[in-house]
Amino acid sequence: MIRLTTPQPARHQSPTTKASALAYAIFDRPDLAKAEQYLIDFGLRTVSNDGAMLFMRGTAPSPYCYVIRKAASSRFVGIGLEVDSIADLEALATLPGASSIETMTWPGGGRCVRLTDPSGFLVDAVCQRSPVPELPHRPPLPMNSVDLRARINETQRPPITPPDVIRLGHVALELADYQATCEWYTRHFGFIPSDVQVLPDGSPAVAFMRLDRGDKPVDHHSLALAQTFAPALNHVSFEVIDTDSIGMGHRLLREKGRKPAWGPGRHFLGSQIFDYWHDPWGSKHEHYCDGDLFTSDRPTGFHPASREGMAQWGQVMPGSFTRPKLAASTLFALIRGLRHSPDVTVRKLVTLFKLFA
């Protein structure tokens, strides 16, 4: 039986709040027009672009799920987490480093408390955003199987258009301060570890974290946290309608000259059918469908860490998917992680490199 030798990841018995949804991801980009065109090709819809801020959405009623700020350099900034009430914001506003409750000026309005997690990522806790009308999307295509003939005298012709992105599904982060960051999300937003990949020494390599909505089924993970030597985005992930959406998205992104990262395939933990693509700045974006849904009573699963364990079928995860870029900044981050993070050791990094890179 696999057991952790670390305190985290573990659910907290009395969290400050319980987040109700992953609201949005925030990026800095030097070229909003280039970013917007990539995201349109990927299947998102433009809400507004005033040259300083770009907001994109899916077909779901959230006013936006993707925020880009015009900046001189490119980076991932952080995420927004929906909470249920002003009382939740009041509780979060008492945390060290938290802002006071602010009125949001972004589309849909709302109220917000801005925090920074232990890895340095911005986390907006938001509530009272006004929903917008859902946008139409095609229904899932009926599939003929050996036991169910759903389509008689009709052909299968998915539209040759970018896939309809429904919503932001999850964000995957790489961390140096793994224990502190996991504890922060479980303590203050009620995240529950659904599945954990574990190294041979009993320390966690990857945790897939879901929201706690009681008996209401939620995504297998809205947040994935991976141990490495420096904080970074691994990928952002968006739900589409069905496997044909993934296939058509794959074809059209290739025709547009976009750079593939990994896929298609089906994940082992979470079960999603997936396909990953790089944006113009190298950030990975995932299309997925058919993910697992868990309620709060599902216990945490523990699994040996391996590249092969990331997918049931399709290409084994390429080493390039997690391999850090060779640059002076990477060396600096590595030295900083070894010096300052209690979770980063040479032995652990060697193990991670052998397993994943």
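**Close-up 1. Around Asp212.** Asp212 touches Lys18, Gly190, Ile192 and Ser296, once residues up to four places away in sequence are set aside; touching, or contact, here means heavy atoms within 4.5 Å. This is a predicted model, where local features need pLDDT of at least 70 and side-chain atom pairs count only at pLDDT 80 or more, while totals for chains, interfaces and linings use all residues. Residues are numbered from 1 along each chain as its sequence is written, and side-chain values use heavy atoms, with hydrogens and water left out. You'll find Asp212 in the loop between strand 11 (204-210) and strand 12 (218-219); helices (H or I, at least four residues) and strands (E, at least two) are DSSP runs, numbered from the N terminus. With a relative accessible area of 13%, Asp212 is buried (buried is under 20% relative accessible area, exposed over 50%, partly exposed in between, using a 1.4 Å probe and protein chains only). Its side chain makes a polar contact with the side chain of Lys18 at 3.1 Å, and also reaches the backbone nitrogen of Gly214 at 3.1 Å. A polar contact is a pair of N or O atoms within 3.5 Å; within protein, one must be able to donate a hydrogen and the other to accept it, and residues adjacent in sequence count only if both atoms are side-chain atoms.

**Close-up 2. Asp117, a buried charge without a salt bridge.** Asp117 sits in the loop between strand 7 (111-116) and strand 8. Which side chain of opposite charge is nearest to Asp117? That would be Arg75, 11 Å away. For the charges, Lys and Arg count as positive and Asp and Glu as negative, while His and the chain ends are not counted. A salt bridge needs a side-chain nitrogen of Lys or Arg within 4 Å of a carboxyl oxygen of Asp or Glu. What the side chain of Asp117 does reach is the backbone nitrogen of Ser119, at 2.8 Å. Leaving out neighbours within four places in sequence, Asp117 is in contact with Val123, Thr181, Trp184 and Tyr185.

**Close-up 3. Tyr185 and the largest nonpolar core.** This core has 55 residues, and Leu173, Tyr185 and Phe189 have the most contacts inside it. A nonpolar core is a set of buried Ala, Val, Leu, Ile, Met, Phe, Trp, Tyr and Cys residues joined through side-chain atoms within 4.5 Å. Apart from this core lies another, of 24 residues, with Phe274, Tyr276, Met317 and Phe356 among them. Back at Tyr185, the contacts beyond four places in sequence include Ile79, Leu81, Leu173, Leu223 and Leu225. Tyr185 is buried at a relative accessible area of 0%.

**Close-up 4. Aromatic rings.** The count comes to 19 aromatic pairs, where rings of Phe, Tyr and Trp (its six-membered ring) pair if their centres lie within 6.5 Å; planes under 30 degrees apart count as stacked, over 60 as edge-to-face and the rest as tilted. Tyr38 and Phe42 make a stacked pair, 6.0 Å centre to centre with 25° between the planes. These two are four residues apart in helix 1 (residues 32-42), so about one helical turn separates them. Tyr38 is buried at 1% relative accessibility, and Phe42 is buried at 0%. Tyr185 and Phe191 pair edge-to-face, at 6.0 Å centre to centre and 85° between the planes. Phe27, Tyr38, Phe42, Tyr66, Phe76, Phe121 and Phe238 form one aromatic cluster.

**Close-up 5. Salt bridges across the sequence.** The salt bridges number 17. Asp279 pairs with Arg29, with the closest N and O atoms 2.7 Å apart. Their positions are 250 residues apart: Asp279 is in the loop between strand 16 (273-278) and strand 17 (284-289), and Arg29 is in strand 1 (residues 21-29). Asp279 is buried at 7% relative accessibility, and Arg29 is buried at 2%. Asp41 and Arg258 also meet in a salt bridge, 2.8 Å from N to O. Asp41 lies in helix 1 and Arg258 in the loop between helix 4 (243-255) and strand 15 (259-267), so this pair ties together parts 217 residues apart in sequence. Both Asp41 and Arg258 are buried.
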